[in-house]
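Subject: The structure I promised you

Hi,

Here is the structure we talked about, sequence included. Have a look at it first, then read on for my notes.

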Amino acid sequence: MADYEVIILGGGPAGLTAGLYAARSGLKTLLLEGNLPGGQASTTNELENYPGCGRIGGPELMMKFEEQAKEAGLDIQYQGVIQARLKEHALETRRQRYQAQALILATGAARRKLGAAGEDMLAGRGVSYCATCDGALYRGKPVAVVGGGNTAAEDALYLAGIGCPVTVIHRRDALRADQALGRRVLDHPLVTMAWNSVVERIQQTGDGLQLHLRQVKTDQSSVIQAAGCFVAVGTQPQTGLFAGQVDMDPEGYIAAGEDTHTSLPGVFAAGDLRRKPLRQVITAAADGAVAASQALQYIRGL
């Protein structure tokens, strides 16, 4: 068994920032990550809204996060966790069991995908899951938003607000968004609705993307052109490993406030796996800093 003062599970912006702050505080800290560092941010082609960096590639920014955390003394091991015993502050990989005085959970949330042909291949190259992250790259150009809930409505209004003609593609004949928000979408002069439609295939063209739609009521097919496609059909927290061990909401997000405290002493939740109004690199990083400071206070008995 390897003992640490703090173990962080997840190597995205929240986890790496938590590692940086914990290591700089003098805590013996381990970060476990089963994939590449950076989480969703590392799959984003370009970021324009992280302060102080201007336009920067997502992978490049996450490499900077990782390098800085390592320089501070963070131990990063690329191992997937197969079992978590949160009450015991213990994590197990295929190689070893780890014990800590405090745990920081930062496994994030994954954007739900459409399942359309070509979607995965074009992710980050025309297909985006974050309008506020990538929308400015398409300023003034025609775009599509797929979804009908509050996130899709907010994305459509944001994109229309920067001059993009927006086609909202929704599989039903009415928006699921809040009534006032939905009315703003329907009344906006730059927004067009494609009702009762699903995206079956996405192809890259010289001018951007071709979205192949199917009308669910008539089974008719159609094609629209767009410079970019923003998928807003929800997110799924990556919290299955913790099911039944810590309080969660009905959708599986961990119940933790701005102080990142969970229902278990010494267990903190940072980033997109907790319920929050905005999911961005900067908000995840802020959570990580808070979680590390709270872990320090817990360990030191402050």
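Predicted model: local features only at pLDDT ≥ 70, side-chain atom pairs only at ≥ 80, totals over all residues.

**The five-stranded sheet**

Let me begin with the parallel sheet. It is open, has five strands and runs in the order E8-E15-E9-E10-E11. The edges belong to strand E8 (127–128) and E11; each has a single partner strand, so one side of each is left without a neighbour in the sheet. Further in, strand E9 (residues 143–146) and strand E15 (residues 228–231) run parallel and are joined by four bridges.

**The three-stranded sheet**

There is also an open antiparallel sheet of three strands, in the order E12-E13-E14. Strand E12 (197–205) and strand E14 (221–226) are its edge strands, each pairing on one side only. From one strand to the next, the twist averages 25°. Strand E13 (residues 208–215) and E14 run antiparallel, with six bridges joining them.

Next, follow the chain through two hairpins. Strand E4 (residues 81–85) pairs with E5 in the antiparallel sense, over four bridges, and arginine 85 stands opposite alanine 90 in E5. Four residues separate E4 from E5 in this hairpin, and histidine 89 in the turn has a positive phi of about 55°.

Strand E5 (residues 90–93) then runs antiparallel to E6, joined to it by three bridges. Here too the two strands form a hairpin, with three residues between them. The bridge partner of leucine 91 is tyrosine 98 in E6.

**Two loop residues with positive phi**

Two loop residues are worth a click. Asparagine 196 is not a glycine, yet its phi is positive, near 50°. You'll find asparagine 196 in the loop between strand E11 (191–194) and E12. Is asparagine 196 buried or exposed? With a relative accessible area of 9%, asparagine 196 is buried, because the cut-off for buried is under 20%.

Threonine 260 also has a positive phi, of about 70°, without being a glycine. Threonine 260 sits in the loop between strand E16 (235–237) and E17. Its relative accessible area is 0%, so threonine 260 counts as buried.

**Alanine 69 in H2**

Now a helix residue. Alanine 69 lies in helix H2 (residues 58–71) and is buried, with a relative accessible area of 0%. What does alanine 69 touch, leaving aside residues up to four places away in sequence? The contacts are Leu16, Leu20 and Leu74. Glycine 15 is 54 residues from alanine 69 in sequence, while their C-alpha atoms are 9.9 Å apart in space.

**The cavity**

Searching the whole structure turns up one cavity of 30 Å³ or more. The largest cavity holds about 60 Å³ of space. Its lining is made up of Leu47, Asn49, Tyr50, Cys133, Gln280, Val281 and Ile282. By class, that comes to five nonpolar and two polar residues, with no charged ones.

Cheers

Notes:
Residues numbered from 1 in each chain as written. Heavy atoms only, no water. Pairing = 2+ DSSP bridges. 1 Å grid on protein atoms, 1.4 Å probe; cavity = no way out; pocket = protein on both sides within 12 Å on 5 of 7 lines; lining within 4 Å. Points joined across faces, edges and corners; volume = space filled by probe spheres on them. Nonpolar A, V, L, I, M, F, W, Y, C, P; charged D, E, K, R; others polar. Axes fitted to C-alpha atoms, helices over the stretch in contact; angles between N-to-C directions. Buried < 20%, exposed > 50% of the residue type's maximum accessible area, 1.4 Å probe, protein only. Contact = heavy atoms within 4.5 Å.
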